[in-house]
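Subject: Structure handover

Hi,

Here is the structure for you to look over. My notes follow it.

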Amino acid sequence: MSRTRDTPHRLPRLAAAATVLALAVPLPAQAVTPSPPPTTASAGTTPTGPTPTSPIPQSSGPTATDALPVTVVMSQLTPIAPQPGDVLSITGTLRNDSAGPVSNLSLEFHYRSTRIGSRSEFDDYAIGTQGGPNGAFGPLPLPPQVASSASVSLASRTLAPGASEGFTLSVPVDDLVLERPWQVYEIGVGVDGSTPIGFNTVGGLRTFLPWAPIGAPGIGERTQVAWMWPLVDRPHRTVGDTWADDALAREIASGGRLANLLAAGMAAQDQRPAPPPRKRKHQKVKPVVPVTPVPVTWAVDPLLVDDVSTMAAGYKVGTGRTATAGSGKDEAAAWLSALQTHARSAETLALPYADPDVVAAARAGLASEVQVAINSGTTLLSQTLGTTPVVYAWPPSGFADQRTVDTLFAARVSTIVLDGGALPPVEAPSYTPGAHTTLRARDGNLDALLTDSGLSTVVGIGANDPSKAALAVQRFLAETLMVQAERPNTQRTLVIAPDRHWAPTPGYATALLTDTGKVPWIAPVPLSAALAAPQDPDIVRSPLTYPPTARHAELGRGYLSEVAALKEKTDTFASILATPGDQHARVYDDAVLRDLSSGWRGKHALASSFVADANAQLDATMHKVHIASLPNSFVTLTSHSGTVPITVSNELNTPVSVVVAISSQHLTVTGGGRKQQTILPHRQIAVDVRAEARTSGVFQLDVALLTPTGRGYDSEQLFVRSTAYGSVAILITAGATGVLLLAVIVRLTRRALAARRPATGQA
């Protein structure tokens, strides 16, 4: 059967796997005539079932959607890489999900001694075949052979409704007589019991057995597996040291998501083989599977490291009188110290600061912010962790459109990690290609590393449903052996990248990583080894694919408009600061990057509240540079022209450079009405602008603060009262004054003459 990896043929199966958890679907009840229970007790430890080659008869019965009363949950399969002479054991729990009791329980070990032929058969076995009018996937029956030498440990043979019971089912692996070494085989657990309708199959479980004896001839090359281990969280600070919540403290505390992920990666890196057993005389030593460390590649958001570093120094949540001391100071110091220690001895991939939604940002015209996030994130991570990180782009969800690829190339990114479905082969190959390929950008080529879609899906399923964790680990290990068996003599490299925000249980995360170094068919490598691996010349890939589901998951257009408006306002503020890169502006630049975080996907209301808080704080900061003259105040000119004093205040801790601009429809302002001024911190200056009034009256004066580039910053309105007279008024006044003076002279003359007349008459 041909392989269909990362092609449209296999994607529906992977989608179905995600829907039904792909690993252990309840088996269909078989329409078997009710029969009496077996006389052989299966409690305690007893042999089970018929001979190894006897198939289970299949007959028509209820549909594949009929649920069986007993759910089988596997908690462990040991050993994970069985060798000749080992006893294979499946440990788990039986749970009665029906409303009635189930009695006379018995368990059987099912298997198929012929190997699985291709990775597509994994899907067939795990989720069943597609059928029915609605195209639904139905489960297949258990493998046909039953191991007669299997033994079962089961304390009680009766399950009350809702009750659970642990079990262990064991069989010598040599008794299975498997077809070929270094292949994968189907195995399962069958559960029979008595219900009100008789003795029937009441439950079952299917999984996989990788069979890779050490030293078998012609085994070929091990498959290289590179883990990208994400340490990413959403933003928790709005601006600077303003913490909106204390949720990160829970994430990095013992038992928290980020604490678990870090601990799992540390355990994988520190893994060492156990001391070899002492050989006794005449004792045959069983082959021991070598155990190796797993070189995890930490995919780290620099914002997370920045946040934890800030927490370790002490922090407060909230603002003003309502602020409270953060609870995660000690946990932050411990978490950061552990990461620093292990990052120095491993490979670290620096995500852009705040892990922006690069596709959405590029689409919204904020591509420059992506470049800033890449540069600042790399610098911050290098300084904080004391290591030189690799700079590979890893878009959210693993998909990117061509515009984004061009943006990343312009930012000098030379390697991008994508989902395998982003560059599917033109023709489905019969084997799994390596991860390394080439992606064309507008101005050149990038190296592309493609994650294995199928394995990444399986990894996610185990995290989403803890009851499927052991099955997910088993399928992951088995499918990697299947990859090796496709082309044993051609080494290939697989890249596994769990979801950025996944939350696996501690045991599951640790098992996934550490078990990668405990099986003989896997060679754990850092991500850079995938880049160094040769490309497959036989694989021709389709053009870059950006599926509608990825587009739908992006940050919304309306929200990005809010962020773009905040960015424009931030640029206006930064342009008046006299010192380039001033911290007063940087905190708002960082706030813009936080608001572009992919962590806001699906959290629009919370994201918008962060933008609103940043806007409010920026408005308050920008108002510290303002026109201090009282609005609507009056300035009086006592002549044709005069000086209009404008007071500008700078309450910041840093100097600013602004342009004071005055304009009026009825006043003539000299010098174009503009004066550029540098104002020292916590100073006010008076800017005198000379204005000339043509007539008397009260006139509006528009005063504006501009940035050095002419962008508006602040504005006020003042009023000028002019008492100056025009030339006509002066002539009229002068004429009137002359007439008045003439009248006064005439009157005085008449009085003088009148005074003389009596004196003359007396003489």
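Over how many bridges do strand β4 and strand β10 pair, and in which sense? Strand β4 (residues 103-111) and strand β10 (residues 183-195) share seven bridges, in the antiparallel sense. Strands here are DSSP runs of E of at least two residues, and helices are runs of H or I of at least four, numbered from the N terminus. Two strands pair if DSSP finds at least two bridges between them.

Before the rest, the ground rules. This is a predicted model, where local features need pLDDT of at least 70 and side-chain atom pairs count only at pLDDT 80 or more, while totals for chains, interfaces and linings use all residues. Residues are numbered from 1 along each chain as its sequence is written, and side-chain values use heavy atoms, leaving out hydrogens and water.

**Sheet**

The open sheet has four strands, ordered β7-β4-β10-β11, with antiparallel pairing. β7 (145-146) and β11 (198-211) are the edges; each has a single partner strand, so one side of each lacks a neighbour in the sheet.

**Aromatic pairs**

There are eight aromatic pairs. The criterion: ring centres of Phe, Tyr or Trp (its six-membered ring) within 6.5 Å; planes under 30 degrees apart are stacked, over 60 edge-to-face, the rest tilted. W229 and W502 have ring centres 5.3 Å apart and planes at 85°, so they are edge-to-face. W229 sits in strand β12 (residues 223-231) and W502 in the loop between β20 (493-496) and α12 (506-516), so the pair ties together parts 273 residues apart in sequence. Both W229 and W502 are buried (under 20% relative accessible area; exposed is over 50%, partly exposed in between; 1.4 Å probe, protein chains only). Ring pairs also link W227, W229, F476, W502 and Y508 into a cluster.

**Salt bridges**

The count is 23 salt bridges (a side-chain nitrogen of Lys or Arg within 4 Å of a carboxyl oxygen of Asp or Glu). One of them joins D357 to R601, with the closest N and O atoms 2.9 Å apart. D357 is in the loop between β16 (347-350) and α7 (358-363), R601 in the loop between α16 and α17 (604-622), so this pair ties together parts 244 residues apart in sequence. D357 is buried at 1% relative accessibility; R601 is buried at 18%. R551 and E554 form another bridge, at 3.2 Å between the closest N and O atoms. R551 is partly exposed at 30%, whereas E554 is buried at 8%. R119, D452, R475 and E479 are linked in a salt-bridge network.

Best wishes
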